[in-house]
Amino acid sequence: MMAKSFPSRLLRAVAVIALAGASLAPSPLRAADPAPFDLPGPGLRISVSRGDVTLPIGRVPSLAEGDRLTIRADFPEDQRARFLLVSTFLQGATNPPPKDWIQIAEPWKKKEKDRQLDLVVPKGARQLVLFLVPATGGAAGAISDAVRGRPGEFVRASQDLNQASLDRARLDGFLAAIRAQENSHPEYLRSVAPTLARSLSMKLNEECLGKVIELQAACLLEHRDTLVLADVHTSSLTETLSGAPVDLAMQLSSTREAGMGYYSPYIGVIRDIARVFGAFSNPQLDYLPSLSLRHGEGVSLLLNAAPSFDKPRSVLVTAMPAIEANSPPRLRAAVDGPLCGARPGLVLPVDGAPLIYATDYLHDATLRLTAGSRTFELPLTPRADRGGYVVAGAMPADLKGKVDAQILGRWGFDRFEGPRFALQFPAEGDWAAAGGVSSLVTRRDNPIALTGPAPACVTSVAMRTGSGQPQPLAAKLNDDGDVAVTVPLKDSRPGEVVLEIRQQGVAEPATVTLRARAQASRLDGLAIHAGDRSALLSGQRLDQVARVELAGLALLPAGLTREVDVDRLQLDAEGTGDGIAPGSPTARITLQDGRVLSLPVTVAAPRPGVTLIERSLAPKQARRGLALETRGQALLPDSARLVFSLRAAQGTRLSPADSIEVATADGEAHATLSNGPDLRFQGRDVLVATLDPAALGPSAFGPLRFRLHHGDVTSGWQPLAVLARLPTITRVQCDKGAVRCRMEGEGLFLIDSIAPVSGSAQPVRVPEGFTGASLRVPVPQGGRLQLRLRDAPDEPVMLVTG
């Protein structure tokens with residue numbers, strides 16, 4: 001019976017999967033999985049020639065018109081069953097191939113021309129599919145009829161088999177590397193596994209890294225077929241249908257009915273293959289999909305079912321690389337700054353191309369070094385466990401200073417040019433403090449940057465004062481490519497400070513000599529507005545200020561910042577009371593050593609004033625999990641917007657140019673609400689603002705404060721609300737008669753304690769840094785539990801459990 005057209009079959013398949021998936025509970029979905037491809041099948045030997053160059057199939061990511069292929073079956077000498085080797089080129093889902101595009105070889109024959117396939121990719125071909133079928137009368141004709149009668153099915157199968165084969169190559173690379181690490185140095189698996197997963201685009205179960213060393217590898221390899229993540233470049237190599245989606249299985253598996261949440265893209269492709277091949281099997285022939293793992297000229301076939309030599313006889317089907325334009329990977333350097341070329345085992349970190357580790361498509365990779373007019377090339381080895389390419393040869397010994405480097409190679413038959421890297425090599429030259437800094441200040445930490453010939457090659461920096469022993473300093477490269485260090489002189493006296501800089505491969509350290517001085521106090525000015533109870537003092541060495549008295553107002557240090565060479569000291573008034581009155585008083589400044597300095601001050605005009613009128617919460621969207629009830633207007637959950645209104649003080653007239661600044665108490669997160677949807681004016685004295693906590697960034701939490709920006713001045717800070725991040729509680733399960741229940745959810749580390757609504761039971765405290773997904777909690781009373789959040793411990797939240 002003639003099969004329906006490919007589009008109608010596709011629609012029917014989607015409908016069947018949707019209906020079948022909807023009737024299944026989540027757990028039985030796994031029962032519907034096809035068998036894994038873990039049965040070794042026969043092998044093939046394939047080479048591809050283009051022009052004067054011949055490559056093994058393992059180095060060919062895609063074929064091109066005019067390519068010449070030599071294909072031989074690789075059977076053992078005692079092979080008794082005879083197989084025909086059949087090849088067919090395809091020209092798309094709706095265009096049956098000509099008969100002469102189908103070729104047959106008889107591997108048991110003695111003459112080479114009979115036992116192997118010598119093919120030339122014809123013009124217009126898009127795919128190449130190979131079949132191994134038991135040599136029986138009519139088998140080759142049946143395959144020819146099937147291919148010409150239903151080309152779309154084989155086009156679909158070709159694409160999916162290529163996708164699954166490349167995904168399987170990444171999976172095998174990940175498994176082999178994990179097992180090798182387990183057998184050699186299992187204690188390093190915790191640091192190696194994340195790099196492996198990132199390199200090969202695999203899913204990493206981070207909980208496994210928290211287990212004891214002996215159990216980590218076994219845990220990481222559980223449910224191995226679900227570890228493969230989608231890779232855009234892999235899909236681009238297998239997509240051959242013009243205008244078709246990259247992967248039918250990815251579409252189908254993106255729905256809950258088809259297994260979203262239970263299947264990785266690799267599993268989705270395998271399920272699609274099973275459906276396609278099940279559709280065009282018949283009582284005479286049973287088509288078995290075969291994944292092809294290509295290494296050199298060898299192609300190892302992997303089956304998910306044992307072949308049958310009785311009716312229906314098994315036909316092994318595998319796909320060759322797509323016939324399409326070359327699609328090299330968009331390999332990117334995974335580092336922004338320079339690298340030290342003198343470092344042994346130099347790794348060039350790259351990302352964006354998992355297939356460079358799992359296949360030989362990118363071969364003959366070298367690192368070209370350009371130093372002035374000289375160039376060198378060194379071989380490279382891809383190492384997924386190191387996250388990039390490792391330089392296999394020795395660097396030229398006479399390289400100095402800065403050297404340009406680029407990854408080169410061959411992607412299949414074509415030249416490949418990869419990312420560039422800036423390398424540095426130790427060289428003769430002076431080191432100095434960047435920016436012309438020649439002195440340091442005692443009784444404080446001094447952040448400085450060191451510049452020299454090869455900052456990337458610095459291995460350590462130490463500080464020496466007087467005749468004391470060297471003191472190691474933390475050193476790192478900054479964005480300018482210099483070495484950033486902090487010289488601690490809080491307990492040091494004035495004198496000479498020597499910084500010793502050690503570099504990779506250099507025996508003697510370079511030195512930078514600076515002088516530590518006791519900075520003289522300098523007062524530049526004190527900024528304060530009428531009515532303020534805080535002020536900002538500018539100058540130098542303000543860490544010595546102990547107290548400031550100004551027109552009867554006692555001000556104490558509340559925070560010191562340093563901008564270039566200027567200190568800025570925040571001062572807050574002692575106790576409570578009125579702010580400062582207008583005028584031009586003189587500030588009396590007492591230092592920690594008892595000295596007293598004077599500073600004339602001009603009190604600026606009063607700041608614009610606003611008062612908070614009302615607050616209310618507006619939910620952003622429905623939250624997942626059980627309901628959490630917040631009480632009081634002071635608590636702002638991250639799942640809601642805060643709507644608040646402000647009234648301008650007498651003498652302050654609001655204008656459309658005004659804005660409201662909202663910030664966390666520590667000043668780390670800010671958001672500005674300007675005239676528009678977030679800030680609306682009722683009149684010239686009242687405004688209504690809407691704050692979405694997302695505007696403060698994902699790291700914002702705790703007390704929030706606000707102030708008005710009015711022209712060139714701002715009002716004082718005022719408390720607004722307490723921003724709290726809410727956990728997602730999915731369920732609370734209590735066994736009959738139990739004294740504790742099981743709470744499950746996400747973000748449980750956000751909870752400080754859990755207690756019954758009433759009673760004397762002790763609350764359950766959540767350990768700091770808790771990473772689990774469940775907790776033992778008290779039995780809810782009246783279907784409720786009381787939570788105290790770390791972000792707002794004084795504002796209880798009620799969990800409604802039922």
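The protein chain exposes about 38,800 Å² of surface, and carbon and sulfur atoms supply 50% of that area. These values come from a predicted model. Of the 802 residues in the chain, 46% count as buried. The fold contains 10 helices and 52 strands. Contacts also reach across the sequence: among those between residues at least 6 apart, 66% join residues at least 24 apart.

In soluble globular proteins, nonpolar side chains tend to be buried together. Here the largest nonpolar core has 50 residues, and Leu348, Leu367, Tyr389 and Leu423 are those with the most contacts inside it. Beyond its neighbours within four places in sequence, Leu367 is in contact with Leu348, Phe376, Glu377, Leu378, Leu380, Val391, Met395, Ala405, Gln406, Ile407 and Leu423. Apart from this core lies another, made of 30 residues, among them Ala73, Leu132, Met320 and Ile323.

One of the partners of Leu367 is Glu377, a residue of strand 15 (residues 374–383). With a relative accessibility of 43%, Glu377 counts as partly exposed, because that value falls between the 20% limit for buried and the 50% limit for exposed residues. Leaving aside neighbours within four places in sequence, Glu377 is in contact with Thr366, Leu367, Arg368 and Leu408. The C-alpha atoms of Glu377 and Gln406 are 9.5 Å apart in space, while the two residues are 29 apart in sequence.

Asp286 belongs to strand 8 (residues 285–295) and is partly exposed, with a relative accessible area of 25%. Its C-alpha atom is separated by 6.0 Å from that of Val315, which is 29 residues away along the chain.

Turning to the helices, two packed helices are described by the angle between their axes and the distance between the axes. The axes of helix 4 (residues 151–184) and helix 5 (residues 189–200) come within 10 Å and cross at roughly 170°. The two helices are therefore roughly antiparallel to each other, as the angle is over the 145 degrees required for that description. On the side of helix 4, the contact is made by Arg170, Gly173, Phe174, Ala177, Ile178 and Gln181, and helix 5 contributes Leu189, Val192, Ala193, Leu196, Ala197 and Leu200. By class, this contact of helix 4 with helix 5 has nine nonpolar, two polar and one charged residues.

The backbone also holds some details worth a look in the viewer. Most residues other than glycine have a negative phi, and most peptide bonds are trans. Against that background, a cis peptide bond joins Lys311 and Pro312, with omega of about -5°. Pro312 lies in the loop between strand 9 (298–303) and strand 10 (313–319).

Positive phi values occur at Asp364, where phi is near 55°, and at Arg443, where phi is near 65°. Asp364 is found in strand 14 (residues 362–371), whereas Arg443 sits in the loop between strand 20 (439–441) and strand 21 (445–451). Asp364 is partly exposed, with a relative accessible area of 48%. Arg443 likewise counts as partly exposed, at 41% relative accessibility.

Notes. Residues are numbered from 1 along each chain as its sequence is written. This is a predicted model: local features need pLDDT of at least 70, side-chain atom pairs count only at pLDDT 80 or more; totals for chains, interfaces and linings use all residues. Side-chain values use heavy atoms; hydrogens and water are left out. Axes are lines fitted to C-alpha atoms, for helices over the stretch in contact, and angles run from 0 to 180 degrees between N-to-C directions. Helices (H or I, at least four residues) and strands (E, at least two) are DSSP runs, numbered from the N terminus. Angles under 35 degrees count as roughly parallel, over 145 as roughly antiparallel, 65 to 115 as roughly perpendicular and the rest as oblique. Contact means heavy atoms within 4.5 Å. Ala, Val, Leu, Ile, Met, Phe, Trp, Tyr, Cys and Pro count as nonpolar, Asp, Glu, Lys and Arg as charged, and the others, Gly among them, as polar. Buried means under 20% relative accessible area, exposed over 50%, partly exposed in between (1.4 Å probe, protein chains only). Accessible areas come from the Shrake-Rupley method with a 1.4 Å probe; for residues, only the protein chains shown count as cover. A nonpolar core is a set of buried Ala, Val, Leu, Ile, Met, Phe, Trp, Tyr and Cys residues joined through side-chain atoms within 4.5 Å.
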